[in-house]
Amino acid sequence: MKGEGKMVIMSKMKWVGLIGLVLSAFSLVVHFLLARYTVGGISDYQSSVTIFSWRPIFENPEFAKNSPLYRRLWGQVRRLESFHPDANPRGYYADPRSESSGYVFVRIQGGFHEIRNSICDVVAISRLLNATLVIPEIQSTTSSKGISSEFKSFAYLYNEDQFMAALVKDVKVVKTLPQNLKGARRKKKIPSFRVPNSASPYFYLHHVLPVLNKHAVVELVVSEGGCLQAILPPHLEEYQRLRCRVAFHALRFRQEVQELATKMLHRLRAPGRPFIAFDPGMTRDALAYYGCAELFQDVHTELIQHKRAWMKKRGIVKGKLSVNSAKQRLNGSCPLMPEEVGILLRAYGYSWDTILYISGGEVFGGQRTLIPLHAMFENTVDRTSLSAAWELSRIYGREVNLIDTKLRPPPLVQEKKLGEWKNAGLRPHPLPPPPARPKYPHNIEGWWGWVAESDNEPESTVMELRTNAHKLLWEAIDYLICVEADVFIPGFDRDGKGRPNFASLVMGHRLYQSPASKTFRLDRKKVVKLLEENREHLYQANYTWLTSMRKHLRRSLIDGVIEASSKSKRFSFLSHPAPECSCVRYDPTKPVEASLGVMHSCPKWMDSEIQTQSKDKETEEDSDEDVSSSSGLFFKNNGGNNQNGGGELMKEESQLDDQEEIEGAD
């Protein structure tokens, strides 16, 4: 009986174990299926429970959008309301010929704004040569290791299918070279040109085209942020509009980037308030190029000087190594500090609870340079505070884990060599030097290591290469948000090569898409002069200074556009695509800014849309009277006596009449 009882118990235990194994296997299968086929559902669930670091704080929950103050701060610029985007061909424009001259293969190097400029140029060049364009290769992603294999080169940043479909009537575009030409390219048997930044159409027609006709393929290496001169002859004006169609219609970011940027825009506008986008433009390259090292202290000054020495060694910088940074700043050649931009915005009348979005992957000097700006504007946000970490990692794709070399153990001291040197016996005088001391990782990592070790810049690690690729996606998100912002203000509009930077492209896109939206194009020389005049009392500015600063900011809305046509456009057409890509609709009730040179009348189909938009504004025009300012003190006052968020104002500030400002803004 005992034996039979044991057998029954053993058999039951086996069945229990077998059932447990089956259930475990079933649960694993279900887990893998869920992970594979319900990524979207899980993501939607995660987005619904994500807790963001940004919680907007507003003094007054109600925001009167029909008030005179609102129209002065956020309203349209009346003198630019008659301009509208129009990049369509004017007159006869032939489709691409069936027989092309050959294939143009392009490798592009550089940052976000350089890639965008270069792509527009190569499309125009392909049509000029009647060539078939192979979708450009973006070097900054393909040369990096550890980047997700889901996206390659161009598709890492832009939507290939949209690019090809949008240009079907302009140029022939293919994804890859034919097989026979692929092999020739691998063996480096196809002719290659390293083209300069502003090559003329003559260069391509008389140097590149004959080679293209002979070999049926050419390779262009673009590393200077463009490959075609910005201003073309009048008979090539259609190529300027082609550039606009590429930049503002064909170049769409890939779906994941577009969706995340749209979500972030919704989160910015969720409180029902307009927002300002601010691009600092404070990069190490730009600061080194213009000699602005002495505006910083200690470590940052040495880093900028080291970079300037490196740039001078390679011929990028032509001037002296040591430059008077204070003089450069007074000349307007250095970026405005975030604190100074905050003072300008508060002086214009924006209150402490205004939503301020800071774009840019990094601000040189670290977060401490943004502390005064955060103090002046409570609702200051950036990319990281409007998105969760998993949302950003999702746009990167699946990436391999990289080994962190910073935690590797130090090398062992070579005791054998040191012992041989000590026991070498009698030596001639003077003694030979001892073996070199081993370099430990903590001695050579960071700025204190490579600045002292060599005059050259350190080689990028694999992790840094991956981060550089991620920066393209970060700047793509910032670009979309800045273009859609109610107000945009740049801290600097030049890059580390003296050419228009990210902010310049944003201003050009806004000039094309919504010319009347507020975009402050500051004259830094005048701004610095005004700041220096009142340096000791910036946070308690008087009536005269506030009036002068507001006049300059108001005039920059128009004068900045006019100056950009001569200063920025000759380096980058996309920074000022007017008048080639704009049209004007004449309205006797609205003034027109004739100095922009826009003479082309808008098509008639635009009239219906424009009329519906203007009806809502008829009751708001010229009704602004006696709007007083409330921005004398620029920090939030926690006391309950102030209703305007500006602290206790001086008597003359509280009585500041804003009628002149309103008329100028209109």
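This is a predicted model: local features need pLDDT of at least 70, side-chain atom pairs count only at pLDDT 80 or more; totals for chains, interfaces and linings use all residues.
- Strand S8 (residues 275-279) and strand S9 (residues 355-358) run parallel and are joined by 4 bridges.
- Helix H14 (residues 338-348) packs on the sheet, where it touches S8, S9, strand S11 (487-490) and S12. The direction of H14 makes about 150° with that of S8.
- The sheet is open and has 5 strands, in the order S10-S9-S8-S11-S12, with parallel pairing.
- At its edges are strand S10 (379-381) and strand S12 (518-519), each of which pairs on one side only.

**Helix H4**

- How far apart are the end C-alpha atoms of helix H4 (residues 112-128)? They are 25 Å apart, which agrees with the 24 Å that its 17 residues should span at 1.5 Å a residue.
- Because 17 of the 17 residues of H4 are buried, this helix is largely enclosed by the rest of the structure.
- After H4 comes Asn-130, which has a positive phi, near 55°.

**Nonpolar cores**

- The largest nonpolar core holds 90 residues, and Phe-163 and Tyr-204 have the most contacts inside it.
- Helix H20 (residues 462-484) gives the most to this core, contributing 11 residues.
- Which residues does Tyr-204 touch, leaving aside neighbours within four places in sequence? Its contacts are Ile-125, Leu-128, Leu-129, Val-195, Ala-199, Leu-209, Leu-220, Cys-227 and Leu-228.
- There is also a second, separate core of 62 residues, and among its members are Leu-73, Tyr-348, Phe-377 and Ala-578.
- In soluble globular proteins, nonpolar side chains tend to be buried together.

**The protein as a whole**

- If you are counting elements, the secondary structure comes to 26 helices and 13 strands.
- Among contacts with a separation of 6 or more, 80% are between residues 24 or more positions apart.
- The protein exposes about 34500 Å², and carbon and sulfur atoms supply 55% of that area.

Methods. Residues are numbered from 1 along each chain as its sequence is written. Side-chain values use heavy atoms; hydrogens and water are left out. Helices (H or I, at least four residues) and strands (E, at least two) are DSSP runs, numbered from the N terminus. Contact means heavy atoms within 4.5 Å. Accessible areas come from the Shrake-Rupley method with a 1.4 Å probe; for residues, only the protein chains shown count as cover. The expected span of a helix is 1.5 Å times one less than its number of residues. Buried means under 20% relative accessible area, exposed over 50%, partly exposed in between (1.4 Å probe, protein chains only). Two strands pair if DSSP finds at least two bridges between them. Axes are lines fitted to C-alpha atoms, for helices over the stretch in contact, and angles run from 0 to 180 degrees between N-to-C directions. A nonpolar core is a set of buried Ala, Val, Leu, Ile, Met, Phe, Trp, Tyr and Cys residues joined through side-chain atoms within 4.5 Å.
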